[in-house]
Amino acid sequence: MKAKSVASRIAVSIVGLGLFAGGQRASAADPADLVGALNGVFGVHPGMRAAHTKGFCATGQFTPTPEAAALSKAPHFAKPVPVTARFSLGGGNPQAADNEKGNVRGMALRFDLGGGTTTDLVMISAPMFFVQTPALFVEFLQTVGSGDKAKLDAFFAAHPESTRQAGWLNSHAIPASYAGVDYFGVHGFTFTNAAGETKLVKYKAIPEAGDLGLTPDEAKAKGPDFYAPELKDRLGKGAVAFDLVAILGEKGDQTSDPTLRWNDEDNRATAPLGKITINAIAPDATCNAFSFLPGNVADGIAGPTDDPVFAARSPAYAVSLIRRSTPAQ
C-alpha cells in the first residue's frame with residue numbers, strides 16, 4: 001500500500017475530533033486554514049461538512065432529572081425540551097465505511113430552549129481528542145497531505161499523546177449501532193446552579209440498549225453502510241434512549257489538555273442529568289441548516305477557558321457552515 005494511502009486511512013481514523021482553529025499557540029491556524037487543510041486531505045464536497053461529513057439527522061426529546069437542576073441553572077435542566085441530533089462518522093469522507101474500527105462515532109445534540117434560543121452538546125465515542133492544540137492538528141493534516149510516511153511516523157514520535165484516541169478505539173469493538181456505544185463530551189465544563197455553586201464536570205451519554213459491539217467478521221459482513229438503516233429499523237420498534245450523566249470533577253483536575261483523561265475517570269462519581277430520547281430520523285436539511293457548536297452553551301454552563309481546542313472549534317464549524325451553504329466561496 002502506498003504511503004499516502006496509509007496516511008489517509010490514519011487520517012480517517014482519527015480526524016473525528018471535528019474542526020477547530022485559533023486558540024493558544026495557534027496563531028497560524030485560523031478557521032479558514034483548518035477547513036482548507038481538511039479539504040486538502042479529504043477533498044471538497046460541496047454542500048457537506050468538512051469533518052464528520054457522513055452522517056444523518058434525527059429528532060427527539062431531552063428530559064432532565066431532579067439532580068440536574070441542583071447542579072446547573074441551565075434551562076434544559078429544568079424542563080423537558082425538544083432535541084435535534086446528528087449521528088456521524090469522523091473524518092471528511094462522505095463514503096467513509098461504517099465498519100471501520102479506528103474511526104470515532106459522533107452524536108451531536110441541539111436543545112431547543114424556546115424563544116429562538118438553543119444550546120448544543122457535541123460528543124464522540126472516545127473520551128479524549130487526538131491533539132493538544134489546533135496548530136498541531138493543522139501540522140498533522142499537512143503531514144498526511146504530504147504522503148510521506150516517514151514524516152507521519154515522526155509526528156507520532158514527537159507527539160505520543162496523539163496515539164491515545166486511536167489506542168482507545170482499537171481496544172474497543174466496532175459499534176453495532178449508533179444506539180449502542182458510549183459518547184463523551186471530552187472537555188471539562190463548569191456548571192453553576194441557582195445558588196451560585198459551581199462544579200466541574202465532563203459529559204457522558206450511556207446507551208440504554210447497552211454496549212453493542214461487532215466482531216471483525218460481523219463488521220465485515222455488515223458492509224460499509226449499515227448504520228442509517230439499522231437505526232431506522234430500530235426506531236421502527238421504539239425510541240432509542242441514552243442516559244446523560246455528569247462525571248464529577250475533583251480538586252486538581254486539569255481542563256487544558258483534551259488528550260488527557262482525569263485520574264481514574266472511569267471510576268469517578270457521576271450525577272444523572274437526564275434522558276436523551278431519539279424518536280425519528282429527520283431530513284438531512286434539518287441538520288444541514290446549522291452547525292452544532294461546542295461553544296453554544298446556556299447560562300449555567302461554561303466551557304473551559306484554558307483549552308485551545310475547545311476555544312477554536314466553534315469558529316471553524318462556522319466557516320464550514322458558510323462554505324457548504326455558499327459553495328462558490
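At what angle do helix H2 and helix H4 pack, and how far apart are their axes? In this predicted model, H2 (residues 31-42) and H4 (residues 134-146) pack at about 25 degrees with axes 9 Å apart. That makes H2 roughly parallel to H4, a label for angles under 35 degrees, with over 145 being roughly antiparallel, 65 to 115 roughly perpendicular and the rest oblique.

Some housekeeping before going on. The model is predicted, so local features need pLDDT of at least 70 and side-chain atom pairs count only at pLDDT 80 or more, while totals for chains, interfaces and linings use all residues. Residues are numbered from 1 along each chain as its sequence is written, and side-chain values use heavy atoms, with hydrogens and water left out.

Axes here are lines fitted to C-alpha atoms, for helices over the stretch in contact, and angles run from 0 to 180 degrees between N-to-C directions. Helices (H or I, at least four residues) and strands (E, at least two) are DSSP runs, numbered from the N terminus.

H2 passes H4 in a left-handed crossing, where the near helix is turned anticlockwise from the far one by less than a right angle; clockwise would be right-handed. On the H2 side, Leu-34, Ala-37, Leu-38 and Val-41 meet Phe-137, Val-138, Leu-141, Val-144 and Gly-145 of H4. By class, this contact has eight nonpolar, one polar and no charged residues. The nonpolar class holds Ala, Val, Leu, Ile, Met, Phe, Trp, Tyr, Cys and Pro, the charged class Asp, Glu, Lys and Arg, and the others, Gly among them, count as polar.

H2 also packs with helix H10 (residues 308-325), at an angle of about 65 degrees and with axes 8 Å apart. The crossing of H2 with H10 is right-handed. Pro-31, Ala-32, Val-35, Gly-36 and Asn-39 of H2 make this contact with Pro-315, Ala-316, Val-319, Ser-320 and Arg-323 of H10. The class tally for H2 with H10 is six nonpolar, three polar and one charged.

**The disulfide**

How many disulfides does the chain have? The count is one, taking a disulfide as a pair of cysteine sulfur atoms within 2.5 Å. Cys-57 and Cys-287 form the bond, with their sulfur atoms 2.0 Å apart. The pair ties together distant parts of the chain, 230 residues apart: Cys-57 sits in strand E1 and Cys-287 in helix H9 (residues 284-288). The torsion about the S-S bond is about 75 degrees, so the disulfide is right-handed.

Most residues other than glycine have a negative phi. His-159 is in the loop between helix H5 (149-158) and helix H6 (164-170). Leaving aside neighbours within four places in sequence, His-159 is in contact (heavy atoms within 4.5 Å) with Leu-136 and Glu-139.

Buried means under 20% relative accessible area, exposed over 50% and partly exposed in between (1.4 Å probe, protein chains only).

| Residue | Relative accessible area | Class |
|---|---|---|
| His-52 | 10% | buried |
| Cys-57 | 1% | buried |
| His-159 | 16% | buried |
| Val-186 | 6% | buried |
| Cys-287 | 1% | buried |
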